[in-house]
Amino acid sequence: MELHEALKRARKGAKATQAQAAQAAGVSASMYQFYEYGRNEPTASVLIALADFFDVSLDYLVGRSDVAERR
């Protein structure tokens, strides 16, 4: 799974809007949309903020695992 697909999966799993995810990550709504569309890649600090917001592991968030729980 590619990063942009994994971000969308995590956001939908958390039942959050793109605007809510963007606010949690400290980026604009349009920048967050670029992440989900695969046009830009988020920084590590943005990924950490999103993992915290979605309450998932970083591996799940970036598509490296199908297990959402944090260890």
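The model is a predicted one. Its largest nonpolar core has 18 residues, and the count of salt bridges comes to 3. Helices α2 and α3 cross at roughly 105°.

**The nonpolar core**

- In soluble globular proteins, nonpolar side chains tend to be buried together.
- Here the largest nonpolar core holds 18 residues, and those with the most contacts inside it are Leu 7, Val 27, Tyr 32, Leu 50, Phe 54 and Leu 61.
- Two or more residues come from each of α1 (3-13), α2, α3, α4 (44-54) and α5.
- Helix α4 supplies the largest share of this core, with 5 residues.

**How α2 meets α3**

- Two packed helices are described by the angle between their axes and the distance between the axes.
- The axes of α2 (residues 18-25) and α3 (residues 29-37) come within 8 Å and cross at roughly 105°, which means that α2 is roughly perpendicular to α3.
- On the α2 side, the contact is made by Gln 18, Ala 21 and Ala 22; on the α3 side, by Ala 29, Tyr 32, Gln 33 and Glu 36.
- By type, the residues of this contact divide into 4 nonpolar, 2 polar and 1 charged.

**Salt bridges**

- Side chains of opposite charge can pair when their charged atoms come close.
- Glu 36 forms a salt bridge with Arg 11, and their closest N and O atoms are 2.5 Å apart.
- Because Glu 36 lies in helix α3 and Arg 11 in helix α1, this pair ties together parts that are 25 residues apart in sequence.
- Glu 36 is buried, with a relative accessible area of 6%, and Arg 11 also counts as buried, at 9% relative accessibility.
- Arg 9 pairs with Asp 66 in a salt bridge, with the closest N and O atoms 3.5 Å apart.
- Arg 9 sits in helix α1 and Asp 66 in the segment after α5, so the pair ties together parts that are 57 residues apart in sequence.
- Arg 9 is partly exposed, with a relative accessible area of 22%, whereas Asp 66 is exposed at 70%.
- Arg 64 and Asp 59 also meet through their side chains in a salt bridge, at 3.6 Å from N to O.
- Arg 64 counts as exposed at 68% relative accessibility, while Asp 59 is partly exposed with a relative accessible area of 35%.

- Ser 65 is found in the segment after α5 (58-61).
- With a relative accessible area of 17%, Ser 65 falls under the 20% cut-off and is therefore buried.
- Leaving aside neighbours within four places in sequence, Ser 65 is in contact with Arg 9, Asp 59 and Tyr 60.

**Asp 52 in α4**

- Asp 52 is found in helix α4.
- Asp 52 is partly exposed, with a relative accessible area of 46%.
- The C-alpha atoms of Asp 52 and Ala 24 are separated by 8.8 Å, although these residues are 28 residues apart along the chain.

Key:
Residues numbered from 1 in each chain as written. Predicted model: local features only at pLDDT ≥ 70, side-chain atom pairs only at ≥ 80, totals over all residues. Heavy atoms only, no water. Helix = DSSP H or I, 4+ residues; strand = E, 2+ residues; numbered from the N terminus. Buried < 20%, exposed > 50% of the residue type's maximum accessible area, 1.4 Å probe, protein only. Contact = heavy atoms within 4.5 Å. Axes fitted to C-alpha atoms, helices over the stretch in contact; angles between N-to-C directions. Parallel < 35°, antiparallel > 145°, perpendicular 65-115°, else oblique. Nonpolar A, V, L, I, M, F, W, Y, C, P; charged D, E, K, R; others polar. Core = buried A, V, L, I, M, F, W, Y, C linked by side-chain atoms within 4.5 Å. Salt bridge = Lys/Arg side-chain N within 4 Å of Asp/Glu carboxyl O.
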